[in-house]
Number of protein chains: 2
Amino acid sequence: MKRKIFLLLILCVPLSVVAESVLPSWADGATRDSIVAFVESVTNNNGPDFVAEPERIAVFDNDGNLWAEQPAYFQLLFAIDRVKAMAPDHPEWQQQQPFKGIIENDLKAALADGEKALLEIVMATHGGMTTDEFAASVTQWIDTARHPTTGRPFTSMVYQPMLELLDYLRANGFKTYIVSGGGVELMRVFSETVYGIPPEQVVGSTIKTEFKIVDDKPVLVRLPEIDFIDDKAGKPVAINKFIGRRPIAAFGNSDGDYEMLRWVTSGDGARFGLIVHHTDAEREWAYDRESHIGKLDKALTEANERGWTVVDMKNDWLRIFP
Amino acid sequence: MKRKIFLLLILCVPLSVVAESVLPSWADGATRDSIVAFVESVTNNNGPDFVAEPERIAVFDNDGNLWAEQPAYFQLLFAIDRVKAMAPDHPEWQQQQPFKGIIENDLKAALADGEKALLEIVMATHGGMTTDEFAASVTQWIDTARHPTTGRPFTSMVYQPMLELLDYLRANGFKTYIVSGGGVELMRVFSETVYGIPPEQVVGSTIKTEFKIVDDKPVLVRLPEIDFIDDKAGKPVAINKFIGRRPIAAFGNSDGDYEMLRWVTSGDGARFGLIVHHTDAEREWAYDRESHIGKLDKALTEANERGWTVVDMKNDWLRIFP
């Protein structure tokens with residue numbers, strides 16, 4: 001009996017030692033164990049699940065998965081701030097929705113037209129300038145804007161456990177990608193410094209750009225026209241287009257990630273899918289099936305059947321923000 | 001005087017030693033020196049032109065730049081072979097151009113309708129199957145097909161000096177990308193083994209794909225519809241979309257690369273542009289301003305003014321194919 005316990009101890013020790021040192025903000029338990037077990041299986045080159053390093057690709061949703069998304073997608077907050085900053089150059093906006101509502105801090109009036117209003121706001125603030133000019137406006141915002149309820153910079157609203165997970169995967173030879181419904185050129189401004197993910201590993205929604213030579217100088221002009229929405233069934237399409245091979249691990253938090261999770265976890269060999277379930281109303285927000293932002297319904301229902309790990313944010317994460 | 005010569009010798013030796021060992025198929029001279037001087041300047045972290053490693057991105061056209069493109073783009077030869085292979089399942093093609101002409105080896109009749117015929121051939125052979133099925137058909141072709149005039153496998157029609165250049169750049173911390181007008185999913189099948197360029201670093205033309213769940217299994221179906229043509233002004237647009245930062249070096253061989261060369265070499269700091277000029281009718285092919293394939297006119301005219309290096313294939317390359 002003693003011998004058995006001793007053997008069990010020996011077998012268990014390496015796993016928990018590794019887990020505790022590499023994922024310190026993750027609570028001890030089945031969730032963290034599932035991550036560590038997957039990583040150890042695909043990196044063990046004597047095991048049946050070994051995956052060669054170039055194939056170790058992991059994809060991460062951004063909003064609600066790497067950083068928060070409440071009380072509104074941060075990109076919408078950026079767009080609202082941009083409308084206000086641009087308003088002096090657009091006197092006509094004083095009388096014109098959705099801009100009038102934003103300038104008067106009456107978001108309800110601004111968004112009364114729903115999707116049409118949103119699209120107008122995005123196009124006015126994201127199109128009609130060069131790519132360099134847009135990146136400069138994002139940098140300026142990221143450096144100065146504060147989250148409306150926490151007062152933190154938006155880049156401090158990232159999830160510490162996910163930062164540790166990104167590092168842990170990269171330390172094990174994974175290439176980490178963002179695959180987000182958000183605008184790619186907004187995320188690329190901060191992805192390298194905040195997440196350690198370089199611009200070329202960020203896949204997202206795009207608007208059309210046009211190459212022009214102005215005064216003998218080439219520029220790329222952002223057009224007020226949607227190119228691609230990287231959400232839902234668009235995610236596997238974009239993964240195939242941008243990455244060109246099927247990732248072996250996918251991390252998301254909403255039904256917008258359902259198709260990506262299906263695509264990634266139905267490939268041959270060892271696969272890993274994980275859903276961040278927002279269950280912590282005190283330290284973050286609690287929402288799922290009924291939420292307008294980050295609705296998590298179908299993916300949560302099927303998680304067990306599909307073998308996806310579900311993170312209970314309240315109990316699995318010892319810390320939320322850095 | 002002797003001292004001066006001695007100093008000159010000391011200064012010159014390191015450059016030529018490096019150059020000879022790293023680019024053995026490049027002739028000694030100004031062309032090779034320009035490459036080595038650029039690489040040494042951006043990797044010298046005490047120099048004024050130093051570029052941090054993540055920003056060392058180099059983009060390469062494929063057809064006529066990394067592999068040959070005569071007597072026709074290899075992708076067209078693939079499509080022609082596919083039509084023949086698929087013909088038994090399409091009895092209607094016996095009476096229907098452009099397929100009839102291909103089956104009867106009458107390319108002139110097949111291509112009589114010009115671009116419309118080409119598009120029909122490409123759509124029939126590149127669309128209407130899953131991404132996995134398409135990749136399998138490319139693999140099968142790459143493994144068995146032979147070039148019509150040299151009898152070599154197509155993957156042996158790559159340029160040895162360019163393979164050395166790719167290795168040399170990567171050894172100096174560069175990330176090498178393909179940015180080609182060719183179909184991205186064709187190149188990705190062989191880019192890693194032949195060029196050392198992984199699928200996720202291949203940018204090219206795309207057709208639309210659709211995510212579907214068939215018998216509870218997710219697939220991506222290739223639709224017979226063009227998504228994006230990665231040529232001319234499309235190249236800087238695609239570079240921005242896929243890579244998200246401006247490369248510091250661009251390598252091309254035709255006017256299809258003009259906008260890419262302009263975009264890359266007009267950025268701040270040290271920049272490098274290079275054009276492969278096909279001047280060797282004996283060992284390869286000689287063509288430029290009047291050619292229908294790989295037309296090189298405007299880019300050649302402006303090369304000097306723009307500071308782009310022009311490779312005279314006949315004299316600058318000691319060897320063409322591996």
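In which loop of chain A does D216(A) lie?

A: Happy to. D216(A) sits in the loop between β3 and β4 of chain A, where helices (H or I, at least four residues) and strands (E, at least two) are DSSP runs numbered from the N terminus. A word on conventions: this is a predicted model, in which local features need pLDDT of at least 70 and side-chain atom pairs count only at pLDDT 80 or more, while totals for chains, interfaces and linings use all residues. Residues are numbered from 1 along each chain as its sequence is written, and chains are lettered from A and ligands numbered from 1 in the order in which they are written.

The phi of D216(A) is near 60 degrees, a positive value in a residue other than glycine. Most residues other than glycine have a negative phi, and most peptide bonds are trans.

N105(B) counts as exposed because it has 10 C-beta neighbours inside 10 Å.

β3 (202-214), β4 (217-228), α11 (234-242) and α12 (258-265) of chain A each supply at least two residues of the side that touches chain B. Altogether, 27 residues of chain A are in contact with 27 residues of chain B, a contact being two residues whose C-beta atoms, placed from the backbone, lie within 7 Å. The largest share of the chain A side, five residues, comes from α11(A). By class, that side has 14 nonpolar, six polar and seven charged residues; here Ala, Val, Leu, Ile, Met, Phe, Trp, Tyr, Cys and Pro count as nonpolar, Asp, Glu, Lys and Arg as charged, and the others, Gly among them, as polar.

Chain A also has backbone features worth a look at its peptide bonds. A cis bond joins Q70(A) and P71(A), with omega about 0 degrees, and P71(A) is in the loop between β1 (57-60) and α3 of chain A. The bond from Q97(A) to P98(A) is cis as well, with omega near 5 degrees; P98(A) is found in the loop between α3 and α4 (99-103) of chain A.

Stepping back, chain A has 14 helices and seven strands. Its radius of gyration, taken over C-alpha atoms, is 22 Å, close to the 20 Å that the globule rule (2.2 Å times the number of residues to the power 0.38) gives for 322 residues, so chain A is as compact as a globular protein of that length. Along its principal axes, the C-alpha trace of chain A spans about 80 × 45 × 35 Å. Buried residues make up 41% of the 322 residues in chain A, and of the contacts in chain A with a separation of 6 or more, 63% are between residues 24 or more positions apart.

Notes: Buried ≥ 20, exposed ≤ 12 C-beta atoms within 10 Å, placed from the backbone.
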